[in-house]
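Trainee: Hi, could you walk me through this model? I'd like to start with the spaces inside it.

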Amino acid sequence: MTNTKDNIRKILVARGRQLVQDKGADYLTARKLAEASGYSVGTIYNQFGTMDNFVLEQNKQTLDELIRFMMRTPKGESSYQMLNRYLDAFVAFVLANRNLWFLLYNFHLHAEYGKLPKLYLRKLISVTKIWEPAFDKVYATLAVKERQLARQVLWLTLFSMSSFLTTNALDNFSKINKKSLCKLLLNTYMAGLTVLK
């Protein structure tokens with residue numbers, strides 16, 4: 001394989017991904033990436049400009065993997081069941097990719113990145129679009145704007161909750177099964193929307 005710009009970027013992304021999976025998001029630095037890839041820190045910055053840009057590339061790949069994983073969700077008997085299955089798929093993905101998801105979540109929590117690129121935002125929106133048809137069928141009587149707001153609130157809540165899935169920090173405080181907690185959150189929210197409508 002020749003060292004073209006695209007190949008170098010692919011190698012750096014792959015090595016960085018492996019570092020995060022094996023060691024955790026906090027381990028990812030330009031120096032550690034240089035050691036793992038055999039490229040210099042200067043090469044990393046020449047390819048990506050900043051480590052934030054490098055993390056953004058990692059997060060795009062994570063979102064692509066999440067979208068593919070959720071698209072393989074088996075069809076349910078009802079839209080309500082599909083929403084629960086999508087939640088199961090989301091939780092399973094986050095739990096199976098804790099370090100990569102923490103990198104993504106932490107980026108959003110601490111980024112001083114400014115305006116996110118449109119391609120990245122489209123990937124985030126694509127995740128919520130998977131849930132949209134089932135959600136809209138369950139809440140067909142809600143006005144379009146109310147449904148849209150309810151979907152956004154649900155996604156933002158689940159996204160915030162996803163940080164809890166990536167860490168064991170609260171395990172001593174509560175022994176509640178993390179998957180059960182997410183299911184309770186989803187179904188309580190849906191029940192509340194049903195009462196409100």
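Mentor: Happy to! Thr128, Trp131, Phe135, Arg151, Leu154 and Trp155 line the largest cavity. A cavity is a set of points, on a 1 Å grid over the protein atoms alone, where a 1.4 Å probe fits but cannot get out, and lining residues have an atom within 4 Å of a point. This is a predicted model, where local features need pLDDT of at least 70, side-chain atom pairs count only at pLDDT 80 or more, and totals for chains, interfaces and linings use all residues. Residues are numbered from 1 along each chain as its sequence is written, and side-chain values use heavy atoms, leaving out hydrogens and water.

Trainee: What volume does the largest cavity have?

Mentor: About 70 Å³, taken as the space filled by probe spheres set on the grid points, which are joined across faces, edges and corners. The structure holds one cavity of 30 Å³ or more.

Trainee: Which helices supply at least two residues each of its lining?

Mentor: Helix H7 (118-138) and H8 do. Helices here are DSSP runs of H or I with at least four residues, numbered from the N terminus.

Trainee: And how does the lining of the largest cavity divide by residue type?

Mentor: Into four nonpolar, one polar and one charged. Ala, Val, Leu, Ile, Met, Phe, Trp, Tyr, Cys and Pro count as nonpolar, Asp, Glu, Lys and Arg as charged, and the others, Gly among them, as polar.

Trainee: Now pockets. How much space lies in the largest pocket?

Mentor: About 330 Å³. A pocket is an open set of points with protein on both sides within 12 Å along at least five of seven lines.

Trainee: Where does the largest share of its lining come from?

Mentor: From H8, with six residues. The lining of the largest pocket includes Thr128, Arg151 and Trp155, and these residues also line the largest cavity. By type, the pocket lining has five nonpolar, four polar and three charged residues.

Trainee: Staying with H8, is arginine 147 buried or exposed?

Mentor: Arginine 147 lies in helix H8 (residues 144-165) and is buried, with a relative accessible area of 13%. Buried means under 20%, exposed over 50% and partly exposed in between, using a 1.4 Å probe and protein chains only.

Trainee: What does arginine 147 touch?

Mentor: Leaving aside residues up to four places away in sequence, arginine 147 touches Phe135, Asp136, Tyr139, Ala140 and Leu142. Contact means heavy atoms within 4.5 Å.
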